[in-house]
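This report describes the overall architecture of a protein and then turns to one of its helices.

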Amino acid sequence: MRYLLCTLLYLLSGAAFAAPAQPGKAYMSVIIDDLGQSSARDSRTLALPGPVTMAIMPDTPHASTFARQAHQAGKTVILHMPMDPATGPYAWHPGTPVPELAQRLDAALAKVPYAAGINNHMGSRMTSHAEPMAWLMAELQRRHLFFVDSRTSAATVAAAKAQVLNLAHVSRDVFLDDVRTPEAITAQLQLGIELARKQGSAVLIGHPYPQTLDVLEREMPRLKRQGIELISIEQMIAERSNQAMPAHGSHGRYTNR
């Protein structure tokens, strides 16, 4: 299974991509960040219907155990990599020498087995630095891992550097729970639905807050009736073919280089 996934990602990082969405198609992918901290919230997230991606933080008490559990359940696991202004033993910071960045990446991946890719935890400062982001994308290409740009800052160059290398990647469109109320989260989910209808796809990121899980447990079973097809992040990467969405660039190219 691991070999097949690596082969798929290798193809995605080259020129072989799925065809664009058929007219009228509306695809959605959901990623839940910050997992590995609470067994109860992890289990509740794992029970969400459909191909929800599990983004697991390496410096959490249940990171390795939950990564194995999620993999066994057939979910996509990704490393939720801490980046400045995040702190801790795995965090990347501007000015850190590449050998230290590499060591921290190795250690983080070792804590999250079965990771098929990574996305940034925080990182509003780190993802704006071109040289380390370019190095990271080359390293992910070498490892046959994909990248999800969480876009915690409009100044991010991470996805742009991935695009230069044709690394399999996508960028986040909607944060579900910046405001942690059921009403606000429901409104953000509706924004994701509308965006998926408008541009053919939407990538949503949320967190295992009780309010977020309440909304997703209630609303995700209704997506199909609303014309939304929930797909895995790997399928979304193939669907988007490494192209920037209109909010992130122009004519498929990311604005920040």
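**Overall fold**

The protein contains 9 helices and 11 strands, taken as DSSP runs (helices H or I, at least four residues; strands E, at least two) and numbered from the N terminus. Its radius of gyration is 17 Å, close to the 18 Å given by the globule rule for 257 residues, so the protein is as compact as a globular protein of that length. The radius is taken over C-alpha atoms, and the rule is 2.2 Å times the number of residues to the power 0.38.

This is a predicted model, in which local features need pLDDT of at least 70 and side-chain atom pairs count only at pLDDT 80 or more, whereas totals for chains, interfaces and linings use all residues. Residues are numbered from 1 along each chain as its sequence is written, and side-chain values use heavy atoms, with hydrogens and water left out.

**Burial and contacts**

Of the 257 residues, 54% are buried, meaning under 20% relative accessible area (1.4 Å probe, protein chains only). Among contacts (heavy atoms within 4.5 Å) between residues at least 6 apart in sequence, 72% join residues at least 24 apart.

**Helix α7**

Helix α7 comprises 18 residues, 182-199, and reaches 26 Å from its first C-alpha to its last, close to the 26 Å expected at 1.5 Å a residue; the expected span is 1.5 Å times one less than the number of residues.

Its buried residues are A184, I185, L189, G192, I193 and A196. These pack against β1 (27-35), β7 (174-175), β8 (201-206) and α8 (210-219). After α7 comes G200, with a positive phi near 95°.

Terms used:
Buried means under 20% relative accessible area, exposed over 50%, partly exposed in between (1.4 Å probe, protein chains only).
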